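Q: I am new to this structure and would like to go through it step by step. Could we look at it together?
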Amino acid sequence: MLRQVADFVCARTKDMYCCTCEQLLLPVWAYAKGKTLNEDTCNLGVIPHLKFRSGAGTLVCFPGFQFTRSRDSTLSIRTKTFLTRILRLRPALSQCSMSNFKLAMIQMAVGMSKPDNIAKAVNFIKEASSAGAKIVTLPECFNSPYGTKFFPEYAEPIPGPSTQALSEAAKNNSVYIVGGSIPEKDGDNLYNTCAIYNPNGEMVAKHRKVHLFDIDVPGKITFKESEVLSPGSQLTMFKTPFCTVGVGICYDIRFAEMAQIYANKGCQLLVYPGAFNMTTGAKHWELLQRGRALDNQVFVGTASPARDPEAGYVAWGHSCIVNPWGDVVSMTDEAESIVYANI
């Protein structure tokens with residue numbers, strides 16, 4: 001925690017923003033009493049300890065402290081003798097508004113029949129909507145067994161049968177759907193792709209898995225998505241009336257910089273459909289979610305397929321929702337289930 005100095009107190013819960021550059025300068029309250037920080041309030045002495053200079057290299061000073069924006073977009077807080085804290089610059093409060101809603105992460109068993117998988121996903125979406133969920137997320141590869149030998153067989157274009165079903169489900173249930181992922185065929189390439197639909201049934205975003213899952217743990221597991229899949233090249237965000245959401249797929253969660261970019265662009269919720277396995281799941285699944293949430297002060301939700309011990313690739317399960325404090329607010333086990341949280 002930052003220390004109390006003179007007659008102001010630094011606190012994470014009071015965010016002050018510069019109207020000129022629209023960047024978070026410092027979580028602090030002083031004489032501003034909730035006023036938005038800008039050059040006029042500074043110059044008029046509303047915040048008498050503060051000196052403000054806009055533009056590149058913003059410098060903000062309090063007695064005994066110096067705050068400087070560095071090239072890597074962090075805000076360093078120093079006294080004469082020690083570094084007190086480093087805070088990442090965040091988007092303006094006007095871009096980070098968030099209202100209460102229920103989030104649902106669906107953990108469903110995926111079988112060999114694509115039509116059956118699609119029908120099951122639609123039924124789970126209806127169940128989540130009936131429970132009050134406004135944003136519903138499916139697991140990675142919800143229409144296909146997870147495996148490189150299955151991807152070419154189950155691949156389809158977008159739009160196609162699987163995503164058309166999601167579009168109709170979103171409209172029929174008046175929910176946002178983060179469509180887990182499907183093997184997408186686009187020309188000669190295959191992608192691991194998540195399609196996102198709004199309550200009108202319109203596709204508002206499409207995320208192609210950026211970081212392909214290539215792993216070789218001797219004596220445990222070897223798997224290489226890159227044998228058949230191509231990587232995506234863009235990050236994906238979409239806005240809702242509740243918050244702005246950033247999307248990743250499975251292995252994407254291991255890349256902290258991706259989550260930081262989403263947070264810096266104003267996302268308050270990150271969702272990762274993912275199929276961690278029995279080797280990596282036990283070690284890293286919960287740990288990575290809590291790390292991404294805590295580091296970036298965002299909610300993180302993950303949706304896994306349910307565990308099938310007879311499958312060639314056995315998913316860990318344990319779909320989960322973590323809050324910005326890094327606390328697990330809801331988690332299931334390996335069986336079919338829906339994880340809910342009031343965000």
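Q: Which strands does helix α6 lie across?
A: In this predicted model, helix α6, residues 280-296, lies across β18 (269-273), β19, β20 and β21.

Q: And at what angle does helix α6 run to β19?
A: Helix α6 runs at about 150° to β19.

Q: What is the order of the strands in the open sheet?
A: The order is β16-β17-β18-β19-β20-β21, which makes 6 strands in an open sheet with mixed pairing. The edge strands, each pairing on one side only, are β16 (236-239) and β21 (328-331). From one strand to the next, the twist averages 15°.

Q: How many bridges join β19 to β20, and do they run parallel or antiparallel?
A: Strand β19 (residues 299-303) and strand β20 (residues 320-322) run antiparallel and are joined by 3 bridges.

Q: Which residue in β20 does Gly301 stand opposite?
A: Gly301 stands opposite Ile321 in β20.

Q: Turning to the rings, how many aromatic pairs are there?
A: The count comes to 11 aromatic pairs.

Q: Which residues do ring pairs link into a cluster?
A: The cluster consists of Tyr146, Phe151, Phe213, Phe223, Tyr251, Phe255 and Tyr313, linked by ring pairs.

Q: What about charges: which ring does the charged end of Lys102 sit over?
A: The charged end of Lys102 sits over the ring of Tyr340, at 5.3 Å from the ring's centre.

Q: And where does Arg208 lie?
A: Arg208 lies over the face of Tyr191, 3.8 Å from the ring centre.

How values were computed
Residues numbered from 1 in each chain as written. Predicted model: local features only at pLDDT ≥ 70, side-chain atom pairs only at ≥ 80, totals over all residues. Heavy atoms only, no water. Phe/Tyr/Trp six-rings, centres within 6.5 Å; stacked < 30°, edge-to-face > 60°. Lys NZ or Arg CZ within 6 Å of the ring centre and 35° of its normal. Pairing = 2+ DSSP bridges. Helix = DSSP H or I, 4+ residues; strand = E, 2+ residues; numbered from the N terminus. Axes fitted to C-alpha atoms, helices over the stretch in contact; angles between N-to-C directions. Contact = heavy atoms within 4.5 Å.
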